[in-house]
Amino acid sequence: MPFKILEKEELATGVFKMVIEASDVAKAARAGQFVMVRTFADSERIPLTIADYDAKAGTVTMAVQALGKGTKELTKLIPDDSIADFVGPLGTPADVKKIGTVILVGGGVGIAPVYPQIRAYKEAGNRVISIIGARNEGLLMMEKEFAAESDEFYVTTDDGSKGHHGFVTDIVKQLLDKERAGEYDGPKIGRVVVIGPPILMKVATNMMAAYPDVEIIVSINSMMVDGTGMCGGCRVIVGGVPKFACVDGPEFDGRLVDFDTVMNRLMIYKKEEMDASKKYDE
Ligand code: FES
């Protein structure tokens, strides 16, 4: 059954918001889950973390970065076009509960999937501080939406073109140090959630070694084929044992994740992906 594209908007350079009519997925979706998308019947499957959902309107929003052949094919479509398959929600929902203060961090294309977590953590009674970061201003997105929903909101860019000149982790550290110095008067910061490139999640997890009483949760978007635990393509090592990001995750305790394996596995088909993308552009 084809799924209609209702809206499309360029959120940041090369990153598109796409709103899809998919009432069953929208009804069941929870923050932290993902969908498996196939643009045409013979296209590759693309796992995309849900960026928003509206059960009443029957819509699911995703943010797609046009990087490889599959995502370029998908982001060429326009409203009223349809996509062949839209399967979900898949994965385990984020473990949202009352913590106190939660810091939500989105890096690059990881900004969009953080967004539904703001609402979920707020509904669970938390104070939410959100931080978004990108290489430059042109790659930032959803600032207005984040500012409107969060109790505190920060922006960082690697090149200083907007907000704090530096990394999202600088702000996390500042906030945690401020709390330790007794200068933060909100409820205790008990959890940091980071969604973004694996290297960012690894750096953030390493930094959190200095704050052992604060949880660090990461979202592993590994290579996926079926998205249902059958193929083993998304295997990651968590706590020394193999886990499937598609069913056991995508969220895991960052301190237990073997990030080097995650990054190595993402590189396995890099050449084939680049060749396919180049051929598609020609
Ligand atoms: Fe196949 Fe996870 S994508 S097992």
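Predicted model: local features only at pLDDT ≥ 70, side-chain atom pairs only at ≥ 80, totals over all residues.
**Reading sheets and a domain interface**

Student: Which strands pair here, and is the sense parallel or antiparallel?

Tutor: The general idea is that strands of a sheet pair through backbone hydrogen bonds, in a parallel or an antiparallel way. Here, strand 9 (residues 127–134) and strand 10 (residues 152–157) run in the parallel sense, joined over six bridges.

Student: What is the strand order of the open sheet with mixed pairing?

Tutor: Read across the sheet and you get 11-10-9-8-12-13-16, seven strands in an open sheet with mixed pairing. Strand 11 (164–165) and strand 16 (251–253) are the edge strands, and each pairs on one side only.

Student: And what order do the strands take in the open sheet with antiparallel pairing?

Tutor: That open sheet also has its order written out: 6-1-2-5-4-3-7, seven strands with antiparallel pairing. Its edges are strand 6 (82–83) and strand 7 (85–90), each pairing on one side only.

Student: How many bridges link strand 3 and strand 7?

Tutor: Four bridges, in the antiparallel sense. For a pair to find in the viewer, take V37, whose bridge partner in strand 7 is F86.

Student: Now the domains. Where does the chain divide?

Tutor: Domain 1 covers 3–90 and domain 2 covers 101–267. Their centres, taken over C-alpha atoms, are 22 Å apart.

Student: How do I read the area buried between domain 1 and domain 2?

Tutor: Interface size is often given as the accessible area lost when the parts come together. Here domain 1 and domain 2 bury about 1700 Å² between them. Carbon and sulfur atoms hold 63% of that area. In residue terms, 18 from domain 1 are in contact with 23 from domain 2.

Student: How many salt bridges are counted between domain 1 and domain 2?

Tutor: One salt bridge. Elsewhere in the tally, three residue pairs between the domains are in polar contact.

Student: Which elements give two or more residues to the side of domain 1 that touches domain 2?

Tutor: Four strands do: strand 1 (3–12), strand 3 (34–38), strand 4 (46–54) and strand 5 (59–65). Strand 4 gives the largest share of that side, with six residues.

Student: What classes of residue make up that side of domain 1?

Tutor: Count twelve nonpolar, four polar and two charged residues on the side of domain 1 that touches domain 2.

Student: Which residues should I pick to look at a salt bridge?

Tutor: Pick D52 and R119, which form a salt bridge. Their closest N and O atoms are 3.4 Å apart.

Methods:
Residues numbered from 1 in each chain as written. Heavy atoms only, no water. Domains from an automatic or database assignment. Contact = heavy atoms within 4.5 Å. Buried area = accessible area lost by both parts, 1.4 Å probe. Salt bridge = Lys/Arg side-chain N within 4 Å of Asp/Glu carboxyl O. Polar contact = N/O pair within 3.5 Å; in protein donor to acceptor, adjacent residues only side chain to side chain. Nonpolar A, V, L, I, M, F, W, Y, C, P; charged D, E, K, R; others polar. Pairing = 2+ DSSP bridges.
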